[in-house]
Amino acid sequence: MVGNTRAQKLLKTIGFYGLVTFFMLPTVFVFYWMVTLSLKPQIEAAAYPPIFFNFSITFKGYLEVFAKHPFLLYTWNSLVVAAGTTLLGLIVGLPAAYSIAQWRQHKFALTILVARIIPGISYLIPWYILFRNLKMVDTYPALILTHLVVGLPITIWVMIGFFEDVPSELREAALIDGCTDYGAFWRVAVPLVKPGIVATAILAFIFSWNNFLFSVILAGRNTRTLPIAVFNMIGYEEINWAPLAAAATLITLPVIILTLIIQRHIVTGLTFGAVKG
Amino acid sequence: MAEHASLTPFAPDVRAGGFGLRLSRFIHRNARYIFPAPAFLVVGLIIVYPVIYTGWMSLQEWFASSLTLPKFIGMDNYQKILTADPRFREAFFRTLYFTLIAVTVETALGVTMAVVFNREFWGKGLVRTLSILPMMATPTAISLVFVMMYHPTLGVLNYLVTRLGLPLFTWTYSSKTALYAIALVDVWEWTPLIMLIAMAGLASLPKEPYESAKIDGASAFQCFYLITLPLLRPTLVVAILFRAIDALKTFDIIFVMTQGGPSNASETINILLFNQAFSYFNMGYASSMAVALFAIIMGICLILMKVRRVGW
């Protein structure tokens, strides 16, 4: 009898983990396939039936990406634009988020939330016309300013949540001690929300790094970012899959590392603080 | 005192009289307006100005490729959208259909997974970590991987499908299946979001209703349907709202994988309007479509927000 229930328990556990594997397999498989394709020699990458495990490992795909395309330039462009967007977003967004949390300026916060609903292309048409007239298409400032359309709202909304968690007694104490509002912000609130700032910065960075829509129009030969470069490679490489997969892996890798650092805050960020992860 | 003085880098300097004093006093009294001022300006410049410009442009006829100036034509663009453009109408229904399929599957699957995972087990942290990756991974790169996996003759998915005894699929390569194949990528990317939100919701549910239901002899299914689902509803509506907004605006994965094809089979409003704006440079007409798309998204938001208050 005892043995029977123990066997049942074991069976139940096995069944449960079978279910977990079943649900998680698609997620894992796509990444597994991306990375393994990038490491295969061309013959094995396009082999049919596909080779799942016993393939020979080579870095030819990666070498090809850098040899045939100015991939370092694209990486640099993506870095500059994403870092610029993040930095500008923080400089402008932090005081705003503090102010919204401190003085309950919810109307301003709601206005910014509407930006989340408006389709990106309604920004892109005016931006394109404006930057074309100013001869600013294919420049970093044009890309950074447009990426800020995504980066600034997310910075403000995620930071409101962090600033609201700072007890208001601390600000009052600082004011009584002779601090100004500016001092209370810079010397009391900001140090307390440092982990939040890191999480927000990484979120804004990733969203800019991933951005395709704005960059496909506003980036040119000099400022082309990685997503656009990869998109252009699809037509160029056809079924030369190893370099394509290598490019996809190279773009995704930094995002995955950054995501793992702030994984607790991702859901909060994606829902603009509506859901605490 | 000296220590405190160092804490006040912007303290009003009493020695400076006149304008300087008045200015610094102004700055200190109005901190609540000065803190958000830069953001206010930037939002005005990069968000409000383009939106107003798009609205104004939607009343014009203008090809950015030509040298002629915009011509004011009033509501003609909107009239064309509503009555004389079958391609827009098709794109409109396609967008709704795509959103409906993707979000429905994501919700059903996400909630199921959340219910299964709603217990302590070894590896729960890993499940959570893995689930975040599809949402954050660069959509362009993911689309590229799916392009390779969807390949009709060499793709790994067709191999797996035939191993399961199913016929070969055409995925994004036929107008019959393209939209579904793209929806599948969306499902792969975003089911984890619904799952994680539902998991957070489940973790915060009270225990008492379940205990009394157990005493009353309710089955597991009844517990789920009569207790879990209603209690979870506010959380779920938020999740669905966010997903619906983004699904209606889906651009990257469609543009990378099919660019709206084959033969317009995956052309949603966003793709149609992108092509109008940046292939034909028909800026006026594209702007009116952008306004229409915004109205559609806004309308669906309002409907969903109402659902949050009333029953299913």
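Chain A is divided into domain 1, which covers residues 2–60, and domain 2, which covers residues 62–270. Please keep in mind as I go through this that we are looking at a predicted model.

Let me begin with how those two parts of chain A are placed. The centres of domain 1 of chain A and domain 2 of chain A, taken over C-alpha atoms, are separated by 34 Å, and where the domains touch, 11 residues of domain 1 of chain A are in contact with 11 residues of domain 2 of chain A. On the side of domain 1 of chain A that touches domain 2 of chain A, the elements that give two or more residues are α1 (2–39) and α2 (42–45) of chain A. Of the elements there, α1(A) gives the most, with 4 residues. If we sort that side of domain 1 of chain A by class, we find 7 nonpolar, 2 polar and 2 charged residues.

Now I turn to the place where the chains meet, where 74 residues of chain B are in contact with 82 residues of chain A. Which helix gives the most to the side of chain B that touches chain A? That is helix α4 of chain B, residues 37–57, which gives 11 residues to this side. By class, the side of chain B that touches chain A has 60 nonpolar, 11 polar and 3 charged residues.

Next, chain B itself, whose secondary structure comes to 15 helices and 2 strands. Its radius of gyration is 27 Å, whereas the globule rule gives 20 Å for 312 residues, and because the value for chain B is well over that figure, the chain is more spread out than a compact globule. Taken along the principal axes, the C-alpha atoms of chain B fill a box of roughly 85 × 70 × 40 Å. Of the 312 residues of chain B, 39% count as buried. When we take the contacts in chain B between residues at least 6 apart in sequence, 68% of them join residues at least 24 apart.

How many residues does the largest nonpolar core have? The largest nonpolar core has 166 residues, and those with the most contacts inside it are V145(B) and M289(B).

Notes. Residues are numbered from 1 along each chain as its sequence is written. Chains are lettered from A and ligands numbered from 1 in the order in which they are written. This is a predicted model: local features need pLDDT of at least 70, side-chain atom pairs count only at pLDDT 80 or more; totals for chains, interfaces and linings use all residues. Domain bounds come from an automatic or database domain assignment. Two residues are in contact if their C-beta atoms, placed from the backbone, lie within 7 Å. Ala, Val, Leu, Ile, Met, Phe, Trp, Tyr, Cys and Pro count as nonpolar, Asp, Glu, Lys and Arg as charged, and the others, Gly among them, as polar. A nonpolar core is a set of buried Ala, Val, Leu, Ile, Met, Phe, Trp, Tyr and Cys residues joined through C-beta atoms within 7 Å. A residue is buried if 20 or more other C-beta atoms lie within 10 Å of its own, exposed if 12 or fewer, and partly exposed in between; C-beta atoms are placed from the backbone. The radius of gyration is taken over C-alpha atoms; the globule rule is 2.2 Å times the number of residues to the power 0.38.
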